[in-house]
Amino acid sequence: MARLNYTFTSESVSEGHPDKVCDRISDAVLDAFLTEDPHSRVACETFATTDRVVVGGEVRGPGAVIQRVEEIVRACVKDIGYEQEGFHWANLKVNSYLHAQSADIAQGVDASGAKDEGAGDQGIMFGYAVDETPELMPAPILYAHAILRRLSEVRKNHIEPALGPDAKSQLSIRYEGGKPVEVTSLVLSTQHLAPELTSADVRAIVEPYIREVLPDGWLTKKTEWHVNPTGKFVIGGPDGDAGLTGRKIIVDTYGGAAPHGGGAFSGKDPTKVDRSAAYAARYLAKNVVAAGLARRCTLQLSYAIGVARPLSIYVDTHGTGTVAEEAIEAAVARVMDLTPRGIRTHLGLNRPIYQRTAAYGHFGRKPDADGGFSWEKTDLVEALKKAV
């Protein structure tokens, strides 16, 4: 029997967090390749520290993009907002070590003769959906993202120029009867550009936006607030702490409310099932819940390198299903081709849509007109109902 009364916590980090700076750059490089050639292969990693960004990895695509890496890096850092001593978009040093994709990997992934395109690696991927929010996402991670996204908006629009790019949020939400009802504690650490600001000053700046984002009644007199609990936070970003692509996999997904296969997303083209199959798993789990087949759904896919079809499909509805889990497993395999090529085609993933995913979560976002966040659509509802 699932617990109905409990408190659960999730965290988010802003686009200016050192690791997110790196995710953004890696995805910007990926988008640049996909813009020139939708069939590019990219596995791009980024490391950032004081006044330096290092980009490396293996690629197969237009060589001209490799020559533009420094330009791409500076554009990302400028848009995020770093113009501080120790990390400034115009002054930092950029080293690029991108090289050709391994022929050994390519032979397993590429289609040839009667062989369909295989998965880019072995691995397990999870998707999750729950009916506690309209976005069918866990509330703690959804609203932790929303707080930082709103603070980024007012910072970039120069409404709150005292805020800096680097920030982290954390929400502890109390559940009653299985539904979120109250924020028991809120943690927010945000960089500020005026050294004289105290924690109380920063709270006065951010509190109105936090209240604007959270549902009415969730903040109460009992809610514990921890705003910049260590005090001054002026040195932010990679100057304050080194960053690396792929270190925020729980922030990127479900905030710890669901299992994670371990593979990061950013910088990987959609032949890599770490990314594309995780998107497919979310898409299917969300459609299962949207179709009323369960109020909560965890879906796992597994793959082997060079093999097209998933090795297994597993569904757990946590006791909330209206049909047997085995029926849902069979249904999802019928309504969607879960080969790497099938996923890319169904969701339209061979497009430059990834830079926007690098901060504030890959899931729970609105689908974009150009195909971004296509995995958040609920267009399989009727097909799933028919299939079961």
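Start with helix α9, and select E326 and R334. These exposed residues sit on the face of α9 turned away from its buried side. Bear in mind that this is a predicted model.

Now turn to the other side. Select I328, E329, A331, V332 and V335: these are the buried residues of α9, which spans residues 325-335. Look down the helix axis. The buried residues fall within an arc of 165°, so they line one face of α9. An α-helix has 3.6 residues a turn, so residues three or four places apart point the same way.

What covers that buried face? Show α8 (273-290), β12 (296-303), β13 (312-316), α10 (340-347) and α11 (381-387), which are among the elements covering the buried residues of α9.

Keep α8 and α10 on screen. Their axes come within 10 Å and cross at roughly 60°. That angle makes α8 oblique to α10. The crossing is left-handed. For the contact itself, select V273, S276, A277, Y279, A280 and Y283 in α8, then P340, I343, H346 and L347 in α10. Eight of these contact residues are nonpolar, two are polar and none is charged.

Next stop: helix α5 (residues 139-156) and helix α6 (residues 199-213). The axes of this pair come within 9 Å and cross at roughly 130°. So α5 is oblique to α6. Here the crossing is right-handed. Select Y143, A146, I147, R150, L151 and V154 in α5; they meet V206, Y209, I210, E212 and V213 in α6. This contact divides into nine nonpolar residues, no polar ones and two charged.

Technical notes:
Residues numbered from 1 in each chain as written. Predicted model: local features only at pLDDT ≥ 70, side-chain atom pairs only at ≥ 80, totals over all residues. Heavy atoms only, no water. Buried < 20%, exposed > 50% of the residue type's maximum accessible area, 1.4 Å probe, protein only. Helix = DSSP H or I, 4+ residues; strand = E, 2+ residues; numbered from the N terminus. Arc of directions from axis to C-beta. Contact = heavy atoms within 4.5 Å. Axes fitted to C-alpha atoms, helices over the stretch in contact; angles between N-to-C directions. Parallel < 35°, antiparallel > 145°, perpendicular 65-115°, else oblique. Left-handed = near helix turned anticlockwise from the far one by under 90°. Nonpolar A, V, L, I, M, F, W, Y, C, P; charged D, E, K, R; others polar.
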